[in-house]
Amino acid sequence: MFGHTHIQAAFRTDEIRRTPPTPQDEMRAGMSYFHETIWKEVPKFLRRVDIALKNIGVNERVPYNAPVIQFSSWMGGDRNPRVTPEVTRDVCLLARMMAANLYFSQIEDLMFELSMWRCNDELRVKADELHRSSKRDAKYYIEHAPPTTK
């Protein structure tokens, strides 16, 4: 039941906006959906595809770069007076940085899992190299990003 308390809470949390969201705001909100749906569910779906193929006698996995599913977004790409080429660039940069953060976070989780296992030295060295490489890539994106416009 939606009561008076819920309405007050909605106004306090700014869920009901007084001004329209910027394309950057839309991208941030979209990335949270991306994380909860695509980032978590696509790997599960692809594993189910692999299992289905195996069940019909195909003993090869779908290549990781196979275009099984294709995604696109209009965020920052639609053309209206508020979406300038600079805004599109900012939104693309924001999306790249958020994606780099997702990868970095996942690598940190994997590093933790690996540290929990008593993995051999060779595997530990490779995992450390991957961790350093990912950190370097994330820094590159941040340091070489053009300044954002307001």
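## A pair within helix α2

Three residues apart, or about one turn of the helix, glutamate 41 and lysine 44 both lie in helix α2 (residues 23–55), helices here being DSSP runs of H or I with at least four residues, numbered from the N terminus. The model is a predicted one, in which local features need pLDDT of at least 70 and side-chain atom pairs count only at pLDDT 80 or more, while totals for chains, interfaces and linings use all residues. Residues are numbered from 1 along each chain as its sequence is written, and side-chain values use heavy atoms, with hydrogens and water left out.

Glutamate 41 forms a salt bridge with lysine 44, with 3.4 Å between the closest N and O atoms; the term denotes a side-chain nitrogen of Lys or Arg within 4 Å of a carboxyl oxygen of Asp or Glu. Glutamate 41 counts as partly exposed at 36% relative accessibility, and lysine 44 counts as partly exposed at 38% (buried means under 20% relative accessible area, exposed over 50%, and partly exposed in between, with a 1.4 Å probe and protein chains only).

## A link between distant parts of the chain

Arginine 61 forms a salt bridge with aspartate 50, the closest N and O atoms lying 3.8 Å apart. This pair links distant parts of the chain, since arginine 61 is in the loop between α2 and α3 (85–116) and aspartate 50 is in helix α2, eleven residues apart. Arginine 61 counts as exposed at 65% relative accessibility, whereas aspartate 50 is buried at 15%.

## The remaining pair

The structure holds three salt bridges, and one of them joins arginine 89 to aspartate 90, with 3.0 Å between the closest N and O atoms. Arginine 89 is partly exposed, with a relative accessible area of 32%, whereas aspartate 90 is buried, with a relative accessible area of 3%.

Conventions:
Helix = DSSP H or I, 4+ residues; strand = E, 2+ residues; numbered from the N terminus.
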